[in-house]
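I opened the notebook to look up how this chain is held together. The entries follow the order in which I checked things.

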Amino acid sequence: MPVFVEVALPVPLRRNFSYRVKDEQQAGLQIGLRVKVPFGPQQLIGLITAITDSCDLAPQQIKSVTAVLDDAPLLPDSLYKLTLWAARYYFTTQGQMLSQALPVALRKGLEAAPQAVVEYHLSPEGRNADSSVLKRAPAQKKLYELLLANPISQDDFTTQQLSKAALKALEQKQWIERQQKVLSHDLSWRQQLIMNESPHKLNKQQAVAVSVLTQQQGFHCTLLEGITGSGKTEVYLTLLETILKQGKQALILVPEIGLTPQTINRFKRRFEVNVAVIHSGLTDNQRLEAWRQARVGEATIIIGTRSALFTPMAYPGLIILDEEHDSSFKQQEGVRYHARDLAVMRGHLEDIQVVLGSATPSLETLQNALSGRYHHLELSERAGAAQKVKQGIVDITSQPLKAGMSTSLINEMRMHLDAGNQVLLFLNRRGFAPALLCHECGHLHECDRCDAFFTVHQGLNEICCHHCGNQYAIPRQCHQCGSTMLMGHGLGTEQLEQELIKLFPKYPVVRIDRDTTRRKGSLEQQLKGIYMGKYKILVGTQMLAKGHHFPDVTLVGLLDVDGALFSADFRAPERFGQLYTQVSGRAGRADKPGKVLLQTHQSDNPILRDLLKRGYGEFARSQLKERQQALLPPAWHMVLIRAEAHLAEDADAFLARTSELLPQDKDFEIIGPIPAPLDRKAGKYRRQLILQAKSRQRLQTEFERVLALIEQIPESKRCRWSIDRDPQDLM
């Protein structure tokens, strides 16, 4: 009897594909296995979503499965259900969502079961050899001495950066032999948890939070709203101890991997367990290894960025999202899922606790907490001896500025530096200057493919567009009038750094932004230098704002906040409030009092006053009321359809046709088509269509009804378009 399978493939077509299964492949066939199948001229890897004994296609149309790659499903039932739910919720295909959930190595067809590892040992000849013959070959000598102590695995080669040539030379001398080591799983932590350090004493609020969290059974989602420096990590650690003692695993999601060296070390210091780390800086094989360890239960704690959300756990016990408000939890290309929302759904499917922690919770989470859908715990005191930060506004209207700094800020910096402390200056624009200006005719040099100005990068001697990556050498003459009087206009972190070196020659400056941390390991080096007190002045973009603990920073200066207060995006005030609170939370974290200075031309701006006077918690609650009055998320629910095309009219026509397919009434609103705030990017015109509905269910059903029709609109072939559910960025 013939057997057919439905296979979900990572392609944008909204359907699964049928294949015939040959007789010899039928044993042990089940849903969730990976199969290799022919698709057009290529071979693709997909997952089986259904097994049937009949197929509607004509026999000559059906191709056969090339190979079945697994003996057991890769994803546990809960994760398989989660991906199917997410595919429906984010209006994407099952195949694309399922492939998001697998590490890249598995998408390419590698074995999911752990392999035997190759280890290098010294041979008997090598042990008896005279190592003095290697004194002119330092790389071989180093390797030989390491092998005298322990065997070395292939992974150690990459992590310790050992020489492959030296290995080859020693193998030719027959001093080294290879051995296969079969891996076994160590699950001893489930019987006995070993602690490396005793927990810190909790203050009253932390103790209350821990006791509430440890008493909850089954699925609960809790918002832990704790001001910066209130010791949320300590609450996580104490809760983890309880969970791990029950023999269960924990998944911890963090926004950016820049923060993780600190976080990982805190978990490793406390617990003698296997901590698996999953992020984009690892090789495909390293990520696969971490995934395997989590799947069999060997990795007790899994820490990672948003993609680690789909890591299977053999004994699921807890999911923690730290800094849950952070926009990097939302994927901005491909499948635009939000890791926070999926984490809550995963907790629900696995019946385990989910904890969302933040000093500045997003309005979505805050609304869920205030309406009682989530539990709500607050930590309102700074932990230990840390005191409350002093805040000040510097009105820079018509004041002379030196590289963007007012005289009062420079004087304040001098006081703190002379007292032996560190100073942090925050400016959210990398590069030397945001634009190149001709001093004679006033021409600003604009990117030829975007509606944006070139940023000047003096160190690289180029002008570069931060939107499309277009770059040229800095021109000698103005493109408009031919004058050679060209100057950088505005301020970037690079220029600020140069000016600070002139102003404070005695105090070393470090700049942390995407340009200075490109090389692997450079961020860790710089952070280490800050902790050791090697740098006194820290300049950076928002990479510096998040979660770092710098005990010696006592002054934080925000140089230019006016751009953040006025924006085309309705989330701008919320973002600004979060950013300000996070940056100012870097001051006075230990026993030294901290101060925050904010430079602005808008010293009487109501948003700014509200934030400084009442703090983020109250500010966010008043923002929530405003959103409800304006019928914006989270009060209403939003889907954004983006279209980009070489001709603006193609994108407009496509979105106009789309809007005709949808209803418009008092509970369902359509805005657009309108140009995106950055109208032209990388040579294409960008248009948007915003759909808002009072009920999430209605938005889902209306949109599912017209999806197939939208794909048949003739103009859809002439533009690139995408659907963004719960968009976080309207730019």
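**Aromatic pairs.** I counted rings of Phe, Tyr and Trp (its six-membered ring) as paired if their centres lie within 6.5 Å; planes under 30 degrees apart are stacked, over 60 edge-to-face, and the rest tilted. By this rule I get 11 aromatic pairs. I looked at Tyr531 and Phe550: their pair is tilted, at 5.7 Å centre to centre and 50° between the planes. Tyr531 lies in helix α16 (residues 522–531) and Phe550 in the loop between β24 (537–540) and β25 (553–558), so the pair ties together parts 19 residues apart in sequence. My helices (H or I, at least four residues) and strands (E, at least two) are DSSP runs, numbered from the N terminus.

The model is a predicted one, so I kept local features to pLDDT of at least 70 and side-chain atom pairs to pLDDT 80 or more, while totals for chains, interfaces and linings use all residues. Residues are numbered from 1 along each chain as its sequence is written, and side-chain values use heavy atoms, with hydrogens and water left out.

Next I checked burial. I call a residue buried under 20% relative accessible area, exposed over 50%, and partly exposed in between (1.4 Å probe, protein chains only). Phe550 is buried at 1%. Tyr531 is partly exposed at 33%.

I then took Tyr616 and Phe619. Their ring centres are 6.1 Å apart and their planes stand at 55°, so this pair is tilted. Both sit in helix α19 (residues 606–630), three residues apart, about one helical turn. Tyr616 is buried, with a relative accessible area of 5%. Phe619 is buried too, at 1%. I also noted one aromatic cluster made of Trp85, Tyr89 and Tyr90.

**Charges over rings.** Here I required NZ of Lys or CZ of Arg within 6 Å of the ring centre and within 35 degrees of the ring normal. The charged end of Arg190 sits over the ring of Tyr315, 3.4 Å from its centre. Arg680 has its charged end over the ring of Tyr685, 6.0 Å from the centre.

**Nonpolar cores.** A core is a set of buried Ala, Val, Leu, Ile, Met, Phe, Trp, Tyr and Cys residues joined through side-chain atoms within 4.5 Å. The largest has 83 residues, and Leu342, Leu424 and Leu558 have the most contacts inside it. Helix α19 gives the most to this core, with seven residues. I listed what Leu342 touches, skipping residues up to four places away in sequence (contact: heavy atoms within 4.5 Å). The list is Leu82, Trp85, Ala86, Tyr90, Met97, Leu309, Phe310 and Tyr337. A second, separate core has 29 residues, including Leu237, Ile243, Ile252 and Ile320. In soluble globular proteins, nonpolar side chains tend to be buried together.

**A strand position.** Where does Ala276 lie? I found Ala276 in strand β11 (residues 275–278). Ala276 is buried, at 3% relative accessible area. Beyond four places in sequence, Ala276 is in contact with Ala290, Ala299, Ile301, Ile302 and Ile303.

**Salt bridges.** My rule was a side-chain nitrogen of Lys or Arg within 4 Å of a carboxyl oxygen of Asp or Glu. The structure holds 37 of them. Asp77 bridges to Lys81, with the closest N and O atoms 3.3 Å apart. Both lie in helix α1 (residues 77–89), four residues apart, about one turn. Lys81 is partly exposed at 44%.

Arg687 meets Asp679 at 2.6 Å, N to O. Arg687 counts as buried, at 10% relative accessibility.

Glu702 and Arg698 meet at 3.2 Å, N to O. They are four residues apart in helix α21 (residues 696–712), about one helical turn. Glu702 is buried at 13%, whereas Arg698 is partly exposed at 24%. Shared partners join Glu197, Glu234, Arg266, Arg269 and Arg270 into one salt-bridge network.

**Whole chain.** Buried residues make up 52% of the 731 residues. Of the contacts with a separation of 6 or more, 75% join residues 24 or more positions apart. The C-alpha atoms fill a box of roughly 85 × 80 × 65 Å along the principal axes.
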